[in-house]
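Here is a walk through one protein model, section by section. Take a look at the sequence and the structure first, then read on.

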Amino acid sequence: RIAVIDIEGIIDESQAENDHRQLDTAGKDSAVKGIIVRVNSPGGTIAASDRIYREIVEYRTRQGQPAVAFMQGLAASGGYYACVACEQIVAEPTAITGSIGVVMSHFVFQDLLENKLGVQPVFLTKGQKKDWPSSFRKPSAEELAYIDDRLLEPAYQRFIGVVREGRKQVLSAQEVSKLADGSIYVADQARAVELIDEIGYLDDAITMVKNQAGIKDAQVIEYRKPLSFMDLLMAQGKKTSILPLDRAKLFELCTPQVLYLWNAY
C-alpha cells in the first residue's frame with residue numbers, strides 16, 4: 001500500500017491533528033510501504049506548519065519509508081514548509097509554490113472606536129512592552145522593530161533553516177537565502193530554481209514512491225475520518241448564526257498573528 005496524506009486549506013491545529021492521525025494510522029499498517037503528502041494549501045500558522053513538518057520527518061525516520069510530496073494546485077508558504085519534509089517534491093504543471101517568508105497582521109480599531117463610535121479604550125499594564133502591538137492604536141517604529149526582532153526574524157530564520165535541510169542535496173545555504181524573499185513560483189519556475197524535483201501528476205508521484213520503495217504494484221489508499229452523529233449536529237448548529245462573535249472570536253481578531261501564509265490568499 002501507498003498512503004496519501006492530505007494537507008488541504010489553511011494549516012491550523014485541526015489540520016495538524018488530522019495529519020497526525022493519518023500518519024499514525026499509516027505507521028500501524030504493515031502493508032504501507034511509502035507515503036505521498038498531497039498538499040493544496042496557502043499555508044497557515046507557524047506552530048501547525050512546523051508540527052506537520054516534524055510529524056513527516058519523524059515518520060520517515062521511524063518507518064524507514066519513502067515520502068514524496070505532491071503539490072496539487074497550491075503549496076505556498078506553510079504548504080511548502082511541509083513539503084520539504086519529504087525526500088522529493090512533485091508539482092502539477094499549474095501548481096503555485098514558494099512564498100518562503102513570514103507575514104504578520106492585525107487590525108487597528110482606534111479610528112473606528114474613537115472617531116466613529118466615541119469609545120475610548122483603556123489599558124492598564126505593568127511593563128512597557130506588555131501590550132505591543134495593540135489593536136487600539138497605531139504601532140510606533142520602536143514597536144515594529146521589537147516585533148520584527150522577537151517574532152518575525154526568528155520565524156523567518158526557522159523557515160530558511162527547514163528549507164536548507166530539506167533541499168540540501170540541490171540547494172546551497174546561499175541559494176536558499178536568496179529564494180527566501182516571499183516570491184511565488186509556478187511549477188516550471190520552481191523547477192528551474194530547484195524548489196521542486198519534478199513536474200507531473202499524482203500518478204507520477206505514485207511511480208516515484210514505488211521506485212524508492214522497490215515495489216512494482218501497490219494499492220493507493222486515503223484515510224477519512226468517519227462522519228459521526230455529533231458532526232451532523234454541529235454542522236446543523238453552525239447554520240443558525242451568520243456571524244458568531246463571542247469573546248474568543250473577538251480576542252482572535254484583536255491578537256496579532258505571525259503566519260507562514262501566502263498573503264494573497
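## Ground rules

Two strands count as paired if DSSP finds at least two bridges between them. Helices (H or I, at least four residues) and strands (E, at least two) are DSSP runs, numbered from the N terminus. This is a predicted model, where local features need pLDDT of at least 70 and side-chain atom pairs count only at pLDDT 80 or more, while totals for chains, interfaces and linings use all residues. Residues are numbered from 1 along each chain as its sequence is written, and side-chain values use heavy atoms, with hydrogens and water left out.

Let's begin with the antiparallel pairing of strand 3 and strand 11 (residues 257-261), which share 3 bridges. Across that pairing, Gly43 has Leu261 of strand 11 as its bridge partner. Both strands belong to an open sheet of 3 strands with antiparallel pairing, in the order 3-11-7. Strand 3 (43-45) and strand 7 (103-105) are the edge strands, each pairing on one side only. On average, neighbouring strands in this sheet are turned by 30° against each other, direction ignored.

Helix 5 lies across strand 7 and strand 11, at about 25° to strand 11. For that angle, axes are lines fitted to C-alpha atoms (for helices, over the stretch in contact), and angles run from 0 to 180 degrees between N-to-C directions. Contact here means heavy atoms within 4.5 Å.

## Parallel strands

Now for some parallel pairing. Strand 1 (residues 2-8) and strand 2 run parallel, joined by 7 bridges, and Ile5 has Val37 of strand 2 as its bridge partner. Together with helix 1, these two strands make a right-handed β-α-β unit. Right-handed means that, with the strands pointing away from the viewer, the path from the first strand over the helix to the second runs clockwise.

Strand 2 also pairs with strand 4 (residues 67-76), in the parallel sense and over 6 bridges; there, Val39 is partnered with Met71 of strand 4. How many of the residues of strand 2 (residues 34-41) are buried? The count is 7 of its 8 residues, where buried means under 20% relative accessible area, exposed over 50%, and partly exposed in between (1.4 Å probe, protein chains only).

Strand 4 in turn runs parallel to strand 5 (residues 88-91), with 4 bridges between them, and Phe70 stands opposite Val90 there. To get from strand 4 to strand 5, the chain goes through helix 3 (residues 78-83) in a right-handed β-α-β crossover. Strand 5 is also joined to strand 9 by 2 bridges, again running parallel, and Val90 stands opposite Glu198 in strand 9.

## Nonpolar cores

A nonpolar core is a set of buried Ala, Val, Leu, Ile, Met, Phe, Trp, Tyr and Cys residues joined through side-chain atoms within 4.5 Å. The largest one here has 50 residues, and those touching the most other members are Val32, Ile35, Met71, Tyr80, Ile89 and Leu195. Helix 2 (residues 46-63) gives the most to this core, with 6 residues.

Leaving aside residues up to four places away in sequence, Val32 touches Arg1, Ala3, Ala26, Tyr59, Gln65, Ile221 and Tyr223. There is also a second, separate core of 10 residues, with Phe70, Val90, Ala205 and Val209 among them.

## Salt bridges

Side chains of opposite charge can pair when their charged atoms come close. A salt bridge is a side-chain nitrogen of Lys or Arg within 4 Å of a carboxyl oxygen of Asp or Glu, and by this rule there are 16 of them. One joins Asp24 to Lys28, at 3.1 Å from N to O. Asp24 and Lys28 are 4 residues apart in helix 1 (residues 13-28), which means they are separated by about one helical turn. Asp24 is partly exposed at 33% relative accessibility, while Lys28 is exposed at 66%.

What about Asp197 and Arg167: buried or exposed? Both are buried, and their closest N and O atoms are 2.9 Å apart in a salt bridge. Asp197 sits in the loop between helix 7 (187-192) and strand 9 (198-199), and Arg167 in the loop between helix 5 (141-166) and helix 6 (173-179), so the pair ties together parts that are 30 residues apart in sequence.

Arg191 and Glu194 form another salt bridge, at 3.4 Å from N to O. Arg191 is partly exposed at 31%, and Glu194 is partly exposed at 25%. Finally, a network of salt bridges links Glu13, Glu17, Arg21, Arg51 and Glu55.
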